Amino acid sequence: MPKIPLRAALAALLTLTALTAPAAYADDTTAVKVTVNARAALATVPETGLGTNHAIWDTNLGTDQTADLLKDAGMKLLRYPGGSYSDIYHWATHTAPGGYVAPNTDFDTFMRGVRRTGAQPMVTANYGTGTAEEAAGWVREANIVKKYGVKYWEIGNENYGNGHYGSAWEADDHADKSPNEYARHVVAYADAMKAVDPTIKIGAVLTTPANWPDAITAEGDSGSWNKVVLSAAGPKIDFVILHWYPGALDRNGHVPDMIQLTRDQIARYAGPGSERIGIAMTEFNTGSSSNGTNTQPGALAAADAYASLLANGVFTVDWWNVHNGIGTVTEVEGHTDYGDFGLLSSGACTSDGTVCEPALNTPFAPYYALQMVSKFARPGDRFIRAATDQPKVTAHAARRPNGDLAVLMINTSSDTSYPVQLAYSGFTPAAGAPTVLSHTNGATAITTTTSGTATAQTLPPLSLTTVVLKPSSVQAGRPGTPGQPAVTAVTDRTATITWPAAEPGTRPIAKYEVHRQNGAITEQLGETSATTLTVHNLKPGTRYTVNVIARDTGGATSDPSPPLTFTTGTPATSSCSVKLTIQTDWASGYVASIDITNHGAPLNGWTLAFTWPRSWQSLGSGWSAVWTQTGSDVKAANEAANPSLATGATTTIGYVGNYSGPNVLPSVFTLNGTVCTTE
């Protein structure tokens with residue numbers, strides 16, 4: 001079978017090089033503290049959470065062995081017909097002009113594999129070279145004629161890669177390649193497809209925050225791709241589509257901001273009722289050329305990313321892909337890395353025949369990572385906060401409906417075995433040794449043992465460890481869980497939070513408590529016997545995530561409500577105001593102007609100050625002021641020749657900001673120490 005370079009655009013950006021021996025770490029036996037907080041709830045694990053991509057150029061797409069391996073890995077969603085091929089694929093003829101279509105990869109074969117796997121399908125309709133009528137015909141064939149019940153339908157794949165922003169890898173026959181044209185067709189596709197089956201869900205392609213070409217406004221456009229698409233097509237779509245190839249193993253800290261910024265854009269641009277719009281990560285791969293694509297370091301990063309994305313409310317994360325093919329061969333942490341983006345071996349060899357992959361369908365390390373995630377966080381479980389005090393160790397936790405608790409711990413150190421001490425808030429583990437699942441470097445299976453204690457475990461180097469714990473007791477008659485909270489009347493210092501009442505248990509509900517998540521620690525913001533509470537003493541320009549807990553007259557507490565996230569503003573009135581305007585953005589930096597208006601007494605000498613919200617942001621340069629940065633704090637002082645700022649006067653300064661992660665803009669500015677109103 002010919003090699004199909006479907007991810008050629010990414011491969012062109014990555015240079016695979018031979019690795020040096022891993023750096024040695026000092027022997028460290030200090031116990032890592034892992035904190036788990038059952039009162040700090042995050043998203044519920046969705047039915048479609050773990051997924052992967054099939055491709056029509058993969059001869060083994062429809063084999064029983066492939067389906068059974070995906071089932072064993074816990075895959076719950078399979079995407080078809082395969083990345084960029086979606087925009088050249090014609091379902092009725094099973095052809096992809098300009099590309100290779102393997103035998104036995106047609107839609108019916110795909111659906112047979114989906115059913116054998118026990119997953120749901122996601123289908124990408126052809127936007128690039130197709131029509132709305134063609135897509136509607138596919139819906140009719142799938143759901144009316146064949147009764148397959150395909151729920152999720154994407155409109156195109158990475159259509160911002162059609163050359164509109166300079167780089168072109170995605171097929172697009174439309175003369176107009178702008179986001180406005182894409183959005184116009186999304187509306188037409190949605191109308192035609194839902195006319196056939198109104199129950200389907202339609203997804204539109206977005207750019208991923210801080211990933212090219214996010215935030216770029218091309219000539220003639222009224223805004224970035226996301227702004228234009230959401231503004232025009234928002235009322236017609238049910239979910240948005242992100243793709244993420246971080247290219248490094250230390251980017252999972254970007255996930256909360258990545259998803260929150262996407263939600264903010266949906267809320268700002270997609271119109272009334274936009275809260276219904278979900279977020280799907282339909283392509284993900286570590287894409288790590290320097291640390292291993294299909295060996296253990298990449299697997300650890302994959303498990304961390306899947307857990308992080310799902311905990312932040314993404315309804316599916318889909319690995320690219322099932323079978324991909326051999327790339328540049330390296331040695332990583334004592335094992336051969338084949339540069340293969342697949343979960344399973346293709347059994348291929350290098351062009352000169354000197355190196356061959358293991359036998360067809362041999363699982364690579366990321367396969368076991370996703371299998372571990374499926375055992376750690378099952379559909380219906382709810383993620384809760386977990387944290388560690390060791391950068392080499394990350395932790396995630398999930399509470400099961402029966403009261404059990406699972407903790408996933410990831411040790412990324414190459415040579416240090418870390419003892420860990422686990423502490424719990426809102427949960428008391430049962431006595432005795434817990435169930436422990438483990439996967440270590442080079443292992444070809446996940447092992448299950450009963451070992452250690454609920455509070456003490458040891459993590460081998462380069463390992464995934466899941467501890468499953470029973471509660472010490474199951475308290476009968478507890479209150480039900482409060483419903484999804486909502487927020488209104490947000491100011492710089494206050495916010496009013498309202499929630500649906502919880503069902504009482506055996507005793508009446510006495511009060512509700514509102515808890516703020518602060519890492520893995522919770523801070524109670526207030527309590528009330530009602531179902532609404534105005535919280536005070538908040539900090540301006542700060543993102544808050546809160547949960548509501550019901551407490552009955554006997555002191556028993558409910559599980560925490562779903563999370564609510566909101567951001568406070570700045571004072572409604574102040575002696576100064578600031579307007580920040582982004583003039584241009586190139587997805588890793590931007591030019592901004594700041595208008596400063598003095599509403600107070602005349603100033604003879606002034607300093608504007610702000611703090612970068614994230615560690616990956618920095619000052620590049622500035623003008624019309626004397627700019628300095630110390631740590632994450634930035635100051636812009638008046639130039640010596642222009643110290644005065646009269647009452648009612650406005651001065652304009654500017655800067656270049658750099659960023660290497662989601663760009664959360666500064667929102668709190670002080671002028672000579674006074675917090676200004678941000679316009």
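Me: Which residues do ring pairs link into a cluster with Trp138?

Reply: Ring pairs join Trp138 with Tyr80, Tyr89, Trp91, Phe107, Phe110, Tyr148 and Trp153 in a cluster. Rings of Phe, Tyr and Trp (its six-membered ring) pair if their centres lie within 6.5 Å. This is a predicted model, in which local features need pLDDT of at least 70 and side-chain atom pairs pLDDT 80 or more, while totals for chains, interfaces and linings use all residues. Residues are numbered from 1 along each chain as its sequence is written, and side-chain values use heavy atoms, without hydrogens and water.

Me: How many aromatic pairs does the structure hold, and what describes a pair of aromatic rings?

Reply: The structure holds 37 aromatic pairs. The distance of the centres and the angle of the planes describe a pair. Planes under 30 degrees apart count as stacked, over 60 as edge-to-face and the rest as tilted. Tyr338 and Phe364 have ring centres 6.1 Å apart and planes at 35°, so this pair is tilted.

Me: Are Tyr338 and Phe364 buried or exposed?

Reply: Buried means under 20% relative accessible area, exposed over 50%, and partly exposed in between (1.4 Å probe, protein chains only). Tyr338 is buried at 13% relative accessibility, and Phe364 is buried at 5%.

Me: What are the ring geometry of Phe610 and Phe669 and their places in the chain?

Reply: Their ring centres lie 5.3 Å apart with planes at 65°, so the pair is edge-to-face. Phe610 belongs to strand β30 (residues 607-611), and Phe669 to the loop between β35 (650-659) and β36 (670-671), 59 residues apart. Strands (E, at least two residues) are DSSP runs, numbered from the N terminus. Both Phe610 and Phe669 are buried.

Definitions and conventions. Helix = DSSP H or I, 4+ residues; strand = E, 2+ residues; numbered from the N terminus.
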